[in-house]
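I opened the file this morning and kept notes as I went. The entries follow in the order I looked things up.

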Amino acid sequence: MIAFAVAAAPAGELSLWHLVVQASWVVKLVMFGLAAASVWSWAIIIEKFFAVRKMNAANNRFEQYFWSGKSLEDLYLSMGNRNNIGLAAIFMAAMREWKRSQDAALRAGFQGVQRRIEKVMDVQIQKEMHDVEARLLFLATTGSAGPFIGLFGTVWGIMMSFQAIANSQNTSLNVVAPGIAEALFATAIGLVAAIPATVFYNMYTADAGKIGARLENFADEFSAIISRQLDERV
């Protein structure tokens, strides 16, 4: 039984590996689950670091091109073969809708063209933000639930320690220490998983908010440009 295994562990063998090996199956499940959540959280953190950096760099480049005085048509043709993200993707979506609507607008007037372009840009913004915010919910879940899952492992480990004391009729430190250490180790793993997940979730949520505001501001500016061009054609 696990309680006797914990009680029999020499005091000098209270290494992290022995704490995992000697833990009950419930605590092992908690430990491995939290360790897996921590690894996946770091994978998301690293992926989001490069994704946010790439998005900001792409937006900066596009704004330089857009406000350089180049015509919309030339800019559209030059960016047609690229894998566009962020502001460039919104621009391309709006221009494609503008080109599809030109023939119909010449026949039926320009009413509704700008509304369709704005709708297309709103949809593209949602797509871009979905990519930016993808998997952030896992960080939030790990950050909020990790300590409580670790605490569950701690409570279970302490219960096993008391059971070992009751079975062995011995309250020496050699009997109590391994189980208590095992229980506290579960809490430590929960904190190791939760703290980075919480910190980076808050950071990337703030970054996503800034990116979203930037995309919406550009959509408003481009909508005003389209509106002026439509007014000139009326």
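**Terms first.** I call a residue buried under 20% relative accessible area, exposed over 50%, and partly exposed in between. I also note that this is a predicted model.

**Overall fold.** I looked up the secondary structure and found 8 helices and 0 strands. From the N terminus on, the elements run α-α-α-α-α-α-α-α. Of the 234 residues, 40% count as buried. Residues 24 or more positions apart account for 79% of them. The protein exposes about 13000 Å². Carbon and sulfur atoms supply 62% of that area.

**Positive patch.** Which residues gather in a patch of positive charge on the surface? I listed Lys-54, Arg-61, Lys-70 and Arg-82. I followed up on Arg-61, which sits in helix H3, residues 25-66. Its relative accessible area is 46%. That value lies between 20% and 50%, so Arg-61 counts as partly exposed.

Phe-49 is partly exposed, at 42% relative accessibility.

**Salt bridges.** How many salt bridges does the structure hold? I noted 6. Side chains of opposite charge can pair when their charged atoms come close.

- Glu-47 and Arg-135 form a salt bridge, with the closest N and O atoms 3.2 Å apart. This pair links distant parts of the chain, with Glu-47 in helix H3 and Arg-135 in the loop between H6 and H7, 88 residues apart. Both ends are partly exposed: Glu-47 has a relative accessible area of 31%, and Arg-135 has 39%. I also saw that Glu-47, Lys-48 and Arg-135 are linked in a network of salt bridges.
- Arg-214 and Glu-63 meet through their side chains at 2.9 Å, N to O. Arg-214 lies in helix H8 (residues 173-233) and Glu-63 in helix H3, 151 residues apart. Glu-63 is partly exposed, at 27% relative accessible area.
- Glu-97 and Arg-116 meet in a salt bridge at 3.5 Å, N to O. Here helix H5 (residues 87-108) supplies Glu-97 and helix H6 supplies Arg-116, 19 residues apart. Is Glu-97 buried or exposed? I found Glu-97 buried, with a relative accessible area of 11%.

**Gln-114.** I stayed with helix H6, residues 113-133, where Gln-114 is found. Gln-114 and Ser-227 are 113 residues apart in sequence. In space they are 6.7 Å apart, C-alpha to C-alpha. Leaving aside neighbours within four places in sequence, I noted that Gln-114 is in contact with Ser-223, Ser-227 and Leu-230.

**Thr-142.** My last entry is Thr-142, in helix H7, residues 136-168. Thr-142 has a relative accessible area of 8%, which is under 20%, so I count Thr-142 as buried. What is Thr-142 in contact with, leaving aside its neighbours within four places in sequence? I listed Ala-37, Ser-41, Pro-147, Ala-193, Ala-194 and Ala-197.

Note on methods:
Residues are numbered from 1 along each chain as its sequence is written. This is a predicted model: local features need pLDDT of at least 70, side-chain atom pairs count only at pLDDT 80 or more; totals for chains, interfaces and linings use all residues. Side-chain values use heavy atoms; hydrogens and water are left out. Patches are made of residues with over 30% relative accessible area and no salt bridge: like charges are joined within 9 Å, nonpolar side chains (Val, Leu, Ile, Met, Phe, Trp, Tyr) within 5 Å. Accessible areas come from the Shrake-Rupley method with a 1.4 Å probe; for residues, only the protein chains shown count as cover. A salt bridge is a side-chain nitrogen of Lys or Arg within 4 Å of a carboxyl oxygen of Asp or Glu. Lys and Arg count as positive and Asp and Glu as negative; His and the chain ends are not counted. The place of a charge is taken as NZ of Lys, CZ of Arg, CG of Asp or CD of Glu. Helices (H or I, at least four residues) and strands (E, at least two) are DSSP runs, numbered from the N terminus. Buried means under 20% relative accessible area, exposed over 50%, partly exposed in between (1.4 Å probe, protein chains only). Contact means heavy atoms within 4.5 Å.
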